[in-house]
There are 2 protein chains.
Amino acid sequence: MLLVADNLQITRRDMAEAIRRHQPDPIRASVTRLQAAGAQAIDLNTGPMGRNAAEDMAFCVAAVQSATDLPVLIDTANPLAVKAGLEANRKTVLINGISLEPKKLDALLPLAVAYNVDVIAYLLDERSRVPLLLDERLSLALELFQRCQSAGLRRERLIFDPVVAPLIWQDGLQRNRDLLEIIRRLPELLDGPVRTIAGLSNLTTGPGPSAAKRRLEQAFVCMLASSGLSWVLLNIYHRETVAAALDCRMLMTGHLFAWQTVFSEAPRKS
Amino acid sequence: MLLVADNLQITRRDMAEAIRRHQPDPIRASVTRLQAAGAQAIDLNTGPMGRNAAEDMAFCVAAVQSATDLPVLIDTANPLAVKAGLEANRKTVLINGISLEPKKLDALLPLAVAYNVDVIAYLLDERSRVPLLLDERLSLALELFQRCQSAGLRRERLIFDPVVAPLIWQDGLQRNRDLLEIIRRLPELLDGPVRTIAGLSNLTTGPGPSAAKRRLEQAFVCMLASSGLSWVLLNIYHRETVAAALDCRMLMTGHLFAWQTVFSEAPRKS
């Protein structure tokens, strides 16, 4: 399970200012800290972008890649910005992401094909909603898979996001149990290896005591790992959650066990 | 996932003395503390028993049951002691447990049938070893299941223990990944609901740093829960592990989520 940092805080005031002035240093510093904390990929969520969306995204991708070799997830629904990010890319970028929502599918999927990059596909319907039932969510996966294949995307480029539900939703518990099942069943449904990603912070969205939030995050990241999740998007500064994720990765994919390894895998101080 | 305390410390000097003199108070006090710490069943492991095995077990079961209504797991391979425990029982007891090892199967299985109690069945071969391969372990489950059915045990009386491997075993990681798979596959293999139990402390048996041990325990208990484990045998005083197990139980089986519930489920101080 690969750890994707969701906390490049582009919307923070100093970062927004750095982007406006195209000064890379604050972004570079932030990226260096995320990598030191254990990030293995970085989600570049620029928030709502103004009229300079394309230029700003190109600048951001270049700034991040000047500080790290880690994969960068271009996390915006603005197709012009996505295209500019793909053009600016000198290392590895992904598109985050598409769904069956027409404006995303029609605008972003062709870019993923043209630039031959990985793309995250959300199991959301045409109106960007998570269907209620497990079977409906699996049907969405099949439809998205077929649409992507028809568009010429190589199957190994797809990373499915079955969408973690906030626990405070009326049916949040059941939806997340279904999500574990979806992660487990996708390879059989799509007849081959399937990569998956999940955004952990969704689980505890909304008001709530932070200690209990962290504890539920830690429990759920282990359950996700146990289902075979490939990538997890999380706050890389939640150190106990990161430690739990690393422990689970070792339990799920390690070959030789040694206490030495458990320790060296602990995240470094940010 | 039901929490079974593995730490009724009968082998401690004061407890051993209490048993020798048949003084119930130390046992009663210990049981009360375990229940307060969140135990939902209590493993009564008497260790090696002397020539008064039967009388001592009868005394222990009565002592434990005088302090609690929780189910008691009679955890000994001595058939005379098991029988005495079953006779002394006034509430709920289980036999812990049988395997394909002839002396256990032949002596203890008939007792489970005669007294109509739940019995834990270890997936161990005739020589009490854990087979190397997943398929061999599943075959053992099938054989044990059939042997129990032939002996007249009702299927719902069986609780399978696929045996957690110490991580320090050469193939400990793979064996525990297989264990998660076994828990998940047993219901299909045996064509109906199947209860399972796992002894968590086995995971980190041997020397090793205790903080890392606790962390791995917490991660693994969540993975076990995610596979559908019914009962977990653990040190009920490992409070963070207990909290993780309770969180997972809520995530796996809860209906309505509320932060209030998450808090009230936290274990009380022992």
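Mentor: Start with contact: two residues are in contact if their C-beta atoms, placed from the backbone, lie within 7 Å. This is a predicted model, where local features need pLDDT of at least 70, side-chain atom pairs count only at pLDDT 80 or more, and totals for chains, interfaces and linings use all residues. Residues are numbered from 1 along each chain as its sequence is written, and chains are lettered from A and ligands numbered from 1 in the order in which they are written.

Trainee: How many helices and strands does chain A have?

Mentor: Both are DSSP runs, numbered from the N terminus: helices are H or I with at least four residues, strands are E with at least two. On that basis, the secondary structure of chain A is 10 helices and 8 strands.

Trainee: In what order do the strands of chain A close into a barrel?

Mentor: Two strands pair if DSSP finds at least two bridges between them. In chain A, 8 strands close up with parallel pairing. The twist from one strand to the next averages 25 degrees, with axes fitted as lines to C-alpha atoms and angles run from 0 to 180 degrees between N-to-C directions. The order is S1-S2-S3-S4-S5-S6-S7-S8.

Trainee: Which residue in S8(A) is the bridge partner of A:Gly199?

Mentor: Strand S7 (residues 195-199) and strand S8 (residues 231-234) of chain A run parallel, joined by 3 bridges. For A:Gly199, the partner in S8(A) is A:Leu233.

Trainee: What is the radius of gyration of chain A?

Mentor: The C-alpha trace spans about 45 × 45 × 40 Å along its principal axes. The globule rule is 2.2 Å times the number of residues to the power 0.38, and the radius is taken over C-alpha atoms. For 270 residues the rule gives 18 Å, so chain A is as compact as a globular protein of that length. The radius of gyration is 18 Å.

Trainee: What percentage of the residues of chain A count as buried?

Mentor: A residue is buried if 20 or more other C-beta atoms, placed from the backbone, lie within 10 Å of its own. Of the 270 residues of chain A, the share is 50%.

Trainee: Which elements of chain A do the buried residues of H4(A) pack against?

Mentor: Helix H4 (residues 79-88) of chain A has 7 of its 10 residues buried, so it is largely enclosed by the rest of the structure. Those residues include A:Val82, A:Lys83 and A:Leu86. They pack against helix H3 (53-65), strand S3 (72-75), strand S4 (93-98) and helix H5 (102-115).

Trainee: What rotation superposes chain A on chain B?

Mentor: The shift along the axis is 0.0 Å and the RMSD 0.0 Å, for a rotation of 180 degrees. The copies are thus related as by a two-fold rotation axis. The rotation is 180 degrees.

Trainee: Which residue of chain A comes closest to the rotation axis?

Mentor: The distance is to the C-alpha atom, and is 2.6 Å. The residue is A:Met223.

Trainee: Which helix gives the most to the side of chain A that touches chain B?

Mentor: 30 residues of chain A are in contact with 31 residues of chain B. Helices H7 (172-189), H8 (210-227), H9 (239-253) and H10 (259-264) of chain A each give two or more residues to that side. With 9 residues, the one that gives the most is H8(A).

Key: Least-squares fit on C-alpha atoms with pLDDT ≥ 70 in both. Buried ≥ 20, exposed ≤ 12 C-beta atoms within 10 Å, placed from the backbone.
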